[in-house]
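Here is a short briefing on one protein model. Keep the sequence and the 3D view open as you read.

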Amino acid sequence: MMSILDDGNIYHTYSGAGLNAYANTKSQFRKNLAKYYLGDTFDDSGYLNFRFLVNCEGNPGWFEIIQMNLDLEEEELNTKMVDSLLNFTAMPQNWNALEFQEDSSNYYMYVSYRIENGKVVEIIP
């Protein structure tokens with residue numbers, strides 16, 4: 001179970017931490033995803049959205065998952081595909097520990113995967 005550290009405050013609550021949260025770069029995140037995620041085994045299309053907390057040590061948890069079709073209507077996607085992308089997204093090595101006012105901080109992050117025929121074609125933000 002992931003715990004909130006330090007003062008318990010959570011920053012970047014509404015917009016998420018954006019590109020600063022990715023360990024190394026977003027480009028590296030995409031490369032890591034290409035090595036880890038086997039989209040050829042799925043044929044679903046839609047958006048898979050994760051909203052989660054990263055604590056001040058850079059450990060993600062408390063995931064909220066929203067699944068939609070390409071028309072942005074809520075629709076369940078292939079469970080194994082969702083689990084695979086959740087497991088990848090939950091890897092601590094993908095996320096930076098961020099500071100807020102020179103102290104380590106807990107923050108919210110959002111990642112949306114646009115999926116076409118099982119392949120991730122876009123990662124937002």
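Start at Leu85. Leaving aside neighbours within four places in sequence, Leu85 is in contact with Leu33, Tyr37, Leu48, Phe50, Tyr113, Ile115 and Val120. Leu85 is also one of the residues that touch the most other members of the largest nonpolar core. The model is predicted.

**The nonpolar core**

- The largest nonpolar core has 24 residues.
- Which residues touch the most other members of this core? They are Leu48, Leu85, Trp95, Met109, Val111 and Tyr113.
- In soluble globular proteins, nonpolar side chains tend to be buried together.

- Tyr113 sits in strand E5.
- Is Tyr113 buried or exposed? Its relative accessible area is 0%, so Tyr113 is buried.
- Leu48 lies 65 residues away from Tyr113 along the chain, yet their C-alpha atoms are separated by 5.1 Å.
- Not counting residues up to four places away in sequence, Tyr113 touches residues including Phe29, Leu33, Leu48, Phe50, Leu85 and Phe88.
- Further along the chain, the partners of Tyr113 include Val120, Glu122 and Ile123.

- Val120 belongs to strand E6.
- Val120 has 23% relative accessibility, so it counts as partly exposed.
- Not counting residues up to four places away in sequence, Val120 touches Leu33, Tyr37, Leu85, Tyr113, Arg114 and Ile115.
- Take Val120 and Tyr37: they are 83 residues apart in sequence and 8.9 Å apart in space, C-alpha to C-alpha.

**The helix pair**

- Two packed helices are described by the angle between their axes and the distance between the axes.
- The axes of H1 and H2 come within 11 Å.
- These axes cross at roughly 135°.
- H1 and H2 are therefore oblique to each other.
- The crossing of H1 past H2 is right-handed.
- Which residues of H1 meet residues of H2? On the H1 side they are Phe29, Asn32, Leu33 and Tyr36. On the H2 side they are Ser84, Leu85, Asn87 and Phe88.

- Leu38 lies in the loop between H1 and E2.
- Why does Leu38 count as exposed? Because its relative accessibility is 56%, and the cut-off for exposed is over 50%.
- Leu38 and Ser84 are 46 residues apart along the chain, and their C-alpha atoms are separated by 8.5 Å.
- Lys80 is in helix H2.
- Lys80 has 64% relative accessibility, so it counts as exposed.
- Lys80 and Thr41 are 39 residues apart in sequence, and 9.6 Å apart in space, C-alpha to C-alpha.

**Backbone points to check**

- Most residues other than glycine have a negative phi, and most peptide bonds are trans.
- Trp62 has a phi near 55°, a positive value in a residue other than glycine.
- Look for Trp62 in strand E3 (residues 60-68).
- Trp62 counts as partly exposed because its relative accessibility is 42%.
- Asn117 has a positive phi too, near 50°.
- Asn117 is in the loop between E5 and E6.
- The relative accessible area of Asn117 is 53%, so Asn117 is exposed.
- Where is the cis peptide bond from Ile124 to Pro125? Pro125 is in the segment after strand E6 (119-124).
- Omega for this cis bond is near -10°.

**The whole protein**

- How many helices and strands does the protein have? It has 2 helices and 6 strands.
- From the N terminus on, the elements run β-α-β-β-α-β-β-β.
- The protein has 125 residues, and 44% of them count as buried.
- Now take contacts between residues at least 6 apart in sequence. Of these, 72% join residues at least 24 apart.
- The protein exposes about 7,200 Å². Carbon and sulfur atoms supply 46% of that area.

Methods: Residues numbered from 1 in each chain as written. Predicted model: local features only at pLDDT ≥ 70, side-chain atom pairs only at ≥ 80, totals over all residues. Heavy atoms only, no water. Core = buried A, V, L, I, M, F, W, Y, C linked by side-chain atoms within 4.5 Å. Buried < 20%, exposed > 50% of the residue type's maximum accessible area, 1.4 Å probe, protein only. Contact = heavy atoms within 4.5 Å. Helix = DSSP H or I, 4+ residues; strand = E, 2+ residues; numbered from the N terminus. Areas by Shrake-Rupley, 256 points an atom, 1.4 Å probe, with all protein chains shown as cover. Axes fitted to C-alpha atoms, helices over the stretch in contact; angles between N-to-C directions. Parallel < 35°, antiparallel > 145°, perpendicular 65-115°, else oblique. Left-handed = near helix turned anticlockwise from the far one by under 90°.
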